[in-house]
Amino acid sequence: MNLTFLDAGQLTARLDLERVVETPDGQGGVTVSHAVESSHWARIEPIMAELAELGHADRQSVTHRIWIRHAAGVEPGKRFRKGTRIFEILTAHDPDESGRYRLCRVREG
């Protein structure tokens, strides 16, 4: 097995992991908000930016790789937040199956 080496000094971004919280609105629907689950030191690597037309407006989509120390509960459907920046988790896996890191592919938006 090829082990991934990541210098701990590269984990320089402090990110909050957030989960979706649905609260009944009293009329049969729900109000969606997010609650902080945990905080992680991370390395953020930009991967790609693309421009797509949505209706009559252009929309930019930026994807990143986010590396963190292994943690349970980091999965698609949740998101990371760094200040006003939000990173939606698309995939999360253990890159070398050693249980040391989680590598997430995310979309900023």
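Predicted model: local features only at pLDDT ≥ 70, side-chain atom pairs only at ≥ 80, totals over all residues.
**Entry 1: strand pairing**

I started with strands E2 and E3. E2 covers residues 30-54 and E3 covers residues 57-69. The two pair in the antiparallel sense, over twelve bridges.

How many residues lie between E2 and E3 in the hairpin? I found two. Gly55 sits in that turn, and its phi is positive, about 70°.

Next I followed E3 to strand E6, residues 101-108. E3 and E6 run antiparallel and are joined by eight bridges. For Trp67 I noted Leu103 in E6 as the bridge partner.

**Entry 2: nonpolar cores**

I turned to the interior. In soluble globular proteins, nonpolar side chains tend to be buried together. Here the largest nonpolar core has 13 residues. I listed the members that touch the most others: Leu15, Ile66, Val74, Phe80, Ile89, Cys104 and Val106. Which strands each supply at least two residues of this core? They are E1 (13-24), E3, E5 (85-93) and E6. E1 gives the largest share, three residues.

I took Val106 for a closer look. With neighbours within four places in sequence set aside, Val106 contacts Val62, Thr63, His64 and Ile66, among others. Phe80 is also on the list for Val106, as are Phe87, Glu88, Ile89 and Leu90.

There is a second, separate core of five residues. Leu6, Trp67, Tyr101 and Leu103 are among them.

Is Thr63 buried or exposed? Thr63 has a relative accessible area of 10%, under the 20% cut-off, so I logged this residue as buried. Thr63 lies in strand E3. Beyond residues up to four places away in sequence, Thr63 touches Pro46, Ile47, Met48, Val106 and Arg107.

Ile47 belongs to strand E2. At 39% relative accessibility, Ile47 is partly exposed. On the same exclusion of residues up to four places away, Ile47 touches Thr63, His64 and Arg65. I also checked Ile47 against Val62: they are 15 residues apart along the chain, with C-alpha atoms separated by 7.5 Å.

**Entry 3: surface patch and a positive phi**

I looked for nonpolar side chains at the surface. Val20, Val30 and Val32 form a nonpolar patch there. Together they have about 230 Å² of accessible area. Val20 is in strand E1, and its relative accessible area of 39% makes Val20 partly exposed.

I also looked up Glu97. Its phi is near 55°, a positive value in a residue other than glycine. Glu97 is in the loop between E5 and E6. With 65% relative accessibility, Glu97 counts as exposed.

**Entry 4: salt bridges**

How many salt bridges does the structure hold? I have nine in the log.

One is between the side chains of Glu37 and Lys78, at 3.0 Å from N to O. Glu37 is in strand E2 and Lys78 in the loop between E3 and strand E4 (79-82), so this pair ties together parts that are 41 residues apart in sequence. Lys78 is buried, at 13% relative accessible area, while Glu37 is partly exposed, at 33%.

Glu108 and Arg85 form another salt bridge, with the closest N and O atoms 2.8 Å apart. This pair links E6, which holds Glu108, to E5, which holds Arg85, across 23 residues. Arg85 is partly exposed, with a relative accessible area of 31%.

Glu88 and Arg107 also form a salt bridge, and their closest N and O atoms are 3.6 Å apart. Here too distant parts of the chain are linked: Glu88 is in E5 and Arg107 in E6, 19 residues apart. Glu88 is partly exposed, at 38% relative accessible area. Arg107 counts as partly exposed too, at 29%.

My last item is a network. Glu18, Arg79 and Arg81 are joined through salt bridges that share partners.

Technical notes. Residues numbered from 1 in each chain as written. Heavy atoms only, no water. Pairing = 2+ DSSP bridges. Helix = DSSP H or I, 4+ residues; strand = E, 2+ residues; numbered from the N terminus. Core = buried A, V, L, I, M, F, W, Y, C linked by side-chain atoms within 4.5 Å. Buried < 20%, exposed > 50% of the residue type's maximum accessible area, 1.4 Å probe, protein only. Contact = heavy atoms within 4.5 Å. Patch = residues over 30% accessible without salt bridge, like charges linked within 9 Å, V, L, I, M, F, W, Y side chains within 5 Å. Areas by Shrake-Rupley, 256 points an atom, 1.4 Å probe, with all protein chains shown as cover. Salt bridge = Lys/Arg side-chain N within 4 Å of Asp/Glu carboxyl O.
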